[in-house]
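Please keep the sequence and structure in view while reading.

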Amino acid sequence: MSVKKVAGLDLSITKTGECHTGDDGEPSWSLIKTREPKDFRLPEIVKRVREVTTDCDLVLIELLPPNMKGAGITGMVQGVTRLELIEQGIRYGDVGPSSLKKYATGKGNASKTEMALAALKRGGIEFSDDNECDAWWLWIMANDYLDQPVLTLPQAQRALLSTIEMKG
């Protein structure tokens, strides 16, 4: 049985965190940071998303927090990313921030520090950026959703896989 390729995207106009299955089957993550101003960042973000999601079996995207002040700007990134995945025919889903946090830590209101500590404790990985950390947790959750868990998590946390809303 071959490993299914997945990606996790923590989308932002300034620093998008991404984590995808590398050629060796291991996670590979980075920040997508652009030098262009405002809307002109979108083509570069979409190009990089295309590179890391090509041939993916599933991409998991973190939804916008309901009270986010920059929701309109980040919404543009969400829209062009979803369009790119649709055009590639890639299956994707999304999950709310509190569900992702609860999946990772057991707490729906976990801080960025608690998310990073959970990654260090469970995966032995230390992140220098919270966007990469969130993308990694999305990658972990996507793998678990496809029945190829990377980590052993308590059943109460794994139950949050049902909060993933699949598209297409």
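A hairpin of five residues connects strands E1 and E2. The model is a predicted one. E1 and E2 belong to an open six-stranded sheet with mixed pairing, in the order E3-E2-E1-E4-E5-E6. Helix H5 lies across the six strands E1, E2, E3, E4, E5 and E6.

**The sheet**

- The edges of the sheet are E3 (27–32) and E6 (165–167), each of which pairs on one side only.
- From one strand to the next, the twist averages 20°.
- Strands of a sheet are paired by backbone hydrogen bonds, in either a parallel or an antiparallel way.
- E1 and E2 (residues 16–21) run antiparallel and are joined by four bridges; within this pair, Asp 10 has Gly 17 of E2 as its bridge partner.
- E1 and E4 (residues 58–62) run parallel, also with four bridges; here Gly 8 is partnered by Leu 60 of E4.
- E5 (residues 92–95) and E6 run antiparallel and share three bridges, and Gly 93 stands opposite Met 166 of E6.

**Strand E1**

- How many residues of E1 (residues 6–10) are buried? Five of its five residues are.
- The cover extends to both faces of the strand: Val 6, Gly 8 and Asp 10 are buried on one side, and Ala 7 and Leu 9 are buried on the other.

**Helix H5**

- H5 covers residues 130–145, which is 16 residues.
- Does the distance between its ends agree or disagree with the expected span? At 1.5 Å a residue the helix should span 22 Å, and its end C-alpha atoms are 22 Å apart, so the two agree.
- An α-helix has 3.6 residues a turn, so residues three or four places apart point the same way.
- H5 is mostly covered, with 14 of its 16 residues buried.
- H5 runs at about 145° to E1.
- The N-terminal end of H5 is capped by Asp 129, which has a side-chain oxygen 2.7 Å from the backbone nitrogen of Asn 131.

- Why does Pro 149 count as partly exposed? Its relative accessible area is 47%, so Pro 149 falls between the cut-offs of 20% and 50%.
- Leaving aside neighbours within four places in sequence, Pro 149 is in contact with Asn 143 and Asp 144.

**Asp 55**

- Asp 55 has a phi near 70°, a positive value in a residue other than glycine.
- Asp 55 is placed in the loop between helix H1 (42–53) and E4.
- Is Asp 55 buried or exposed? Asp 55 is exposed, with a relative accessible area of 63%.

**His 20**

- His 20 is a residue of strand E2.
- Its relative accessible area is 12%, under the 20% cut-off, so His 20 is buried.
- The His 20 side chain makes a polar contact of 2.8 Å with the side chain of Glu 18.
- What does His 20 touch, not counting residues up to four places away in sequence? Its contacts are Val 6, Ala 7, Glu 26, Pro 27, Ser 28, Val 52 and Trp 139.

**Cysteines**

- A disulfide requires two cysteine sulfur atoms within 2.5 Å, and by this rule the count is zero disulfides.
- Cys 133 is in no disulfide either, and its nearest cysteine sulfur, that of Cys 19, is 10 Å away.
- Cys 56 counts as buried because its relative accessibility is 8%.
- Cys 133 also counts as buried, because its relative accessibility is 2%.

Definitions and conventions: Residues numbered from 1 in each chain as written. Predicted model: local features only at pLDDT ≥ 70, side-chain atom pairs only at ≥ 80, totals over all residues. Heavy atoms only, no water. Buried < 20%, exposed > 50% of the residue type's maximum accessible area, 1.4 Å probe, protein only. Helix = DSSP H or I, 4+ residues; strand = E, 2+ residues; numbered from the N terminus. Expected span 1.5 Å × (residues − 1). Polar contact = N/O pair within 3.5 Å; in protein donor to acceptor, adjacent residues only side chain to side chain. Pairing = 2+ DSSP bridges. Axes fitted to C-alpha atoms, helices over the stretch in contact; angles between N-to-C directions. Contact = heavy atoms within 4.5 Å.
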